[in-house]
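Thank you all for coming; please have the sequence and the model open as I talk.

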Amino acid sequence: MFELDHDLAQDIVDRAMAILPYNVNVMDSQGLILGSGEPERVNTRHEGAQLVLANERVVEIDVQTAMHLKGVQPGINLPLWLDQRLIGVLGITGEPELLRTYAELVRMTAEMLVAQRNQQTEQQWRRQRCDDLLALLLSEAGDSPRLIDEAQQMGLKPQLARVPYLFELDGGTGQTVETLGAWLTSRYPDSWCVSPAKSSLLWCRAASPSIDHERLLEKLDELGGRILRVAVGGQAEGLAGLRRGQQRVADLLAYGREVLPDVRLLSLERYRLPVMLWRYRDDDALDELLKPLRDLIARDGNGQLLATLRSWCDHDGQSQACADALGIHRNSLRYRMERIAEISGVDPLRLDGMLALYLGVQLLPQS
């Protein structure tokens, strides 16, 4: 429930007294002076305000009446209303006869300021509550019927299919997580934005319609953002699917940071298999998978064979396409592939060998 505070009360006083040649007081719902042109009166009780609060009407106080009231000077005291609720009192010091013309205008202005502050407070509360709800919905407790019901009431649409994105920002310059989230939610309806860390943003957009990710990055760069990389997940159905998608894009971003440091746009569709194995990068079994490639690297002084193998994987084992990309003859390519098989002990021309070497290439950092 909204209540007047010292800052708002003094703001009303300062605005009014910038125009009127009279002292202005603003009292709360208990008759306590919160703001005044006479600072020594702040936090004192105003009996005139208490009369207004008791009777819910304008109270005019002349010189004679003021002599019988404590902490009161001649003037007009008017009730301040918000949504038909009496929340305080506006007092203007002076002869009531001279003040009536100004008093209603000042009260109208004061009530507009109160309504504006109340709206801002409600919007801030709503944003904070939505942020809290989103964090809960994406946690293990997110399937609670009470949470889902509240999310629906807040317009969050938890039933929508969504695509998770995880942005990593340069924390030192450019766009902040807050401004990025605000832009995405304003541009893409029904978006969810949660900040899991200081320089990262989880964006869950409605799955339909699809968007051009390269163009999105260009647009964000134009807006002054400094996005280091973004991981794009697959379409997730329901909250449970979205929670799994959240973990997938976190793994994808970590994979990209270590293995593909120069790649800004990482798609789970493109890197799903290596990312799946990346979670087990400290496992002994993965060391066994990488051993043939490490043997190759150890004997590949100028990096020619590794570059050839990367190109072979990039072109799905298509000899002519791979040779053209490398700028060599197919016979030269065949010789290099034979050397790769000889050194690594794995034949890249066989499906199982190509798969093992492909995974090794995807898991070793490009540097």
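Which side chain does R100 meet in a salt bridge? Its partner is E60, at 2.7 Å from N to O, where a salt bridge means a side-chain nitrogen of Lys or Arg within 4 Å of a carboxyl oxygen of Asp or Glu. This pair links distant parts of the chain, since R100 lies in helix α4 and E60 in strand β3 (residues 59-61), 40 residues apart; helices (H or I, at least four residues) and strands (E, at least two) are DSSP runs, numbered from the N terminus.

Before I go on, a word of care: this is a predicted model, in which local features need pLDDT of at least 70 and side-chain atom pairs count only at pLDDT 80 or more, while totals for chains, interfaces and linings use all residues. Residues are numbered from 1 along each chain as its sequence is written, and side-chain values use heavy atoms, with hydrogens and water left out.

R100 is partly exposed, with a relative accessible area of 37%, and E60 is partly exposed with 37%; here buried means under 20% relative accessible area, exposed over 50%, and partly exposed in between (1.4 Å probe, protein chains only).

The structure holds 19 salt bridges. Another of them joins the side chains of K157 and D190 at 3.3 Å, N to O, and this pair, 33 residues apart, links the loop between α5 (145-153) and β6 (162-169) to the loop between α6 (177-187) and β7 (192-197).

In helix α10, D295 and K291 are four residues apart and therefore separated by about one helical turn, and their side chains meet in a salt bridge of 3.0 Å, N to O.
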